Amino acid sequence: MSTNKFAFVSLFITRKCNLACSYCNLPDNDIYEMSGKEWIKVIDRVAPYVEFFNLIGGEPTLHPDLPEIVEHLNKIGANYSMVTNGTAPHIFYKYLINRCQIKSLCVSMDELHPDDKKSESMKSIHGRDLVN
């Protein structure tokens with residue numbers, strides 16, 4: 001039976017990032033960033049046609065209205081995940097897991113071994129330092 005829904009929709013909620021990965025093609029400029037209220041309007045409009053939302057960015061935890069956005073996703077019963085670089089304060093991730101009951105939290109650790117010759121192009125960040 002067809003549900004006539006998209007399996008998932010990625011919401012690129014911010015271009016801001018607190019890292020400077022050499023391989024990233026994210027432009028470093030002042031581009032308009034939608035507010036939480038604007039994102040909620042978008043979510044409400046497309047939610048009937050979406051099985052799963054994926055919050056991405058830059059670094060989603062840098063969006064000032066992220067708590068408002070995820071609380072709204074919970075309120076409407078949406079399934080969602082988020083891709084993060086894991087640099088936000090631990091209390092924020094506890095909030096997402098415990099209070100918001102986020103379904104999936106994907107932490108990007110692109111450079112756990114910065115001395116490895118294979119990661120030569122990723123020398124601008126040090127994921128291992130973030131984990132320790």
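The following legends describe close-up views of a predicted model.

**View 1. A salt bridge joins glutamate 33 and lysine 16.** The closest N and O atoms of glutamate 33 and lysine 16 are 3.7 Å apart. Both residues lie in the loop between β1 (9-14) and α1 (36-46), so the pair ties together parts that are 17 residues apart in sequence. Lysine 16 counts as partly exposed, because its relative accessibility is 44%. A search of the whole structure finds 2 salt bridges.

**View 2. A salt bridge joins lysine 37 and glutamate 68.** Here the closest N and O atoms are 3.9 Å apart. Lysine 37 is exposed, with a relative accessible area of 60%, whereas glutamate 68 counts as partly exposed at 28% relative accessibility.

**View 3. Helix α1 has buried residues along one face.** The buried residues of α1 are Gly36, Trp39, Ile40 and Ile43. Seen down the axis of the helix, these residues fall within an arc of 105°, and they therefore line one face of α1. An α-helix has 3.6 residues a turn, so residues three or four places apart point the same way. On the other side of α1, Lys37, Lys41 and Arg45 are exposed. What do the buried residues of α1 pack against? They pack against β1, β2 (52-57) and α2.

**View 4. Phenylalanine 92 and tyrosine 95 form an aromatic pair.** The count for the structure comes to 1 aromatic pair. The ring centres of phenylalanine 92 and tyrosine 95 are 5.7 Å apart, and the angle between the ring planes is 40°. With this angle, the pair is tilted. Both residues lie in helix α3 (residues 90-99), where they are 3 residues apart, about one turn of the helix. Are phenylalanine 92 and tyrosine 95 buried or exposed? Both are buried.

**View 5. Cysteine 17 and cysteine 106 are partly exposed.** Cysteine 17 has a relative accessibility of 37% and therefore counts as partly exposed. Cysteine 106, at 34% relative accessibility, also counts as partly exposed. How many disulfides does a search of the whole structure find? The search finds 0 disulfides.

Notes:
Residues are numbered from 1 along each chain as its sequence is written. This is a predicted model: local features need pLDDT of at least 70, side-chain atom pairs count only at pLDDT 80 or more; totals for chains, interfaces and linings use all residues. Side-chain values use heavy atoms; hydrogens and water are left out. A salt bridge is a side-chain nitrogen of Lys or Arg within 4 Å of a carboxyl oxygen of Asp or Glu. Helices (H or I, at least four residues) and strands (E, at least two) are DSSP runs, numbered from the N terminus. Buried means under 20% relative accessible area, exposed over 50%, partly exposed in between (1.4 Å probe, protein chains only). Rings of Phe, Tyr and Trp (its six-membered ring) pair if their centres lie within 6.5 Å; planes under 30 degrees apart count as stacked, over 60 as edge-to-face and the rest as tilted. A disulfide is a pair of cysteine sulfur atoms within 2.5 Å. The arc is that of the directions from the helix axis to the C-beta atoms. Contact means heavy atoms within 4.5 Å.
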